[in-house]
Amino acid sequence: MQMEPTVVAEINADVAFEHGRWRHRVRYARARPDMSVYDVPLLLGEEEGYFGEP
């Protein structure tokens, strides 16, 4: 079942991302009440230039 995102959270993660998932544990840093769920992409890599790629 898919859920509608309602909260933006800041995380700490290594840049090691392979096969659609993080290689190492991702840690919660803090909630970001100053941001809307529409300010961030739903899927990793949706934005242009992610991880320095054109």
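I started with Tyr28 and read its relative accessibility as 57%, which counts as exposed. The cut-off for exposed is over 50%, so Tyr28 qualifies. I keep in mind that this is a predicted model.

**Entry 1: around Tyr28**

I placed Tyr28 in strand β4. Next I asked which residues Tyr28 touches, not counting those up to four places away in sequence. I found Ala9, Glu10 and Ile11. I then took the C-alpha to C-alpha distance from Tyr28 to Ala9 and got 7.2 Å. In sequence, these two residues are 19 apart. I also followed the Tyr28 side chain to the backbone nitrogen of Ala31, which it reaches at 2.8 Å.

**Entry 2: salt bridges**

How many salt bridges does the structure hold? I noted three. Side chains of opposite charge can pair when their charged atoms come close.

I looked at Arg30 and Glu10. Their side chains meet in a salt bridge at 3.0 Å, N to O. This pair links distant parts of the chain, with Arg30 in strand β4 (residues 27-31) and Glu10 in strand β1 (residues 9-12). I logged a separation of 20 residues.

Then I took Glu10 with Arg32. Here the side chains form a salt bridge at 3.2 Å, N to O. I put Arg32 in the segment after β4, while Glu10 lies in strand β1. The two are 22 residues apart, and again distant parts of the chain are linked.

Last, I checked Arg32 and Asp34. Their side chains meet in a salt bridge of 2.8 Å, N to O. Which residues do shared partners join into one network? I wrote down Glu10, Arg30, Arg32 and Asp34.

**Entry 3: exposure in the network**

Arg30 has a relative accessible area of 43% and is partly exposed. Glu10 is also partly exposed, with a value of 27%. Buried would need under 20%, so Glu10 does not count as buried.

**Entry 4: recap**

Terms used. Residues are numbered from 1 along each chain as its sequence is written. This is a predicted model: local features need pLDDT of at least 70, side-chain atom pairs count only at pLDDT 80 or more; totals for chains, interfaces and linings use all residues. Side-chain values use heavy atoms; hydrogens and water are left out. A salt bridge is a side-chain nitrogen of Lys or Arg within 4 Å of a carboxyl oxygen of Asp or Glu. Helices (H or I, at least four residues) and strands (E, at least two) are DSSP runs, numbered from the N terminus. Buried means under 20% relative accessible area, exposed over 50%, partly exposed in between (1.4 Å probe, protein chains only). Contact means heavy atoms within 4.5 Å. A polar contact is a pair of N or O atoms within 3.5 Å; within protein, one must be able to donate a hydrogen and the other to accept it, and residues adjacent in sequence count only if both atoms are side-chain atoms.
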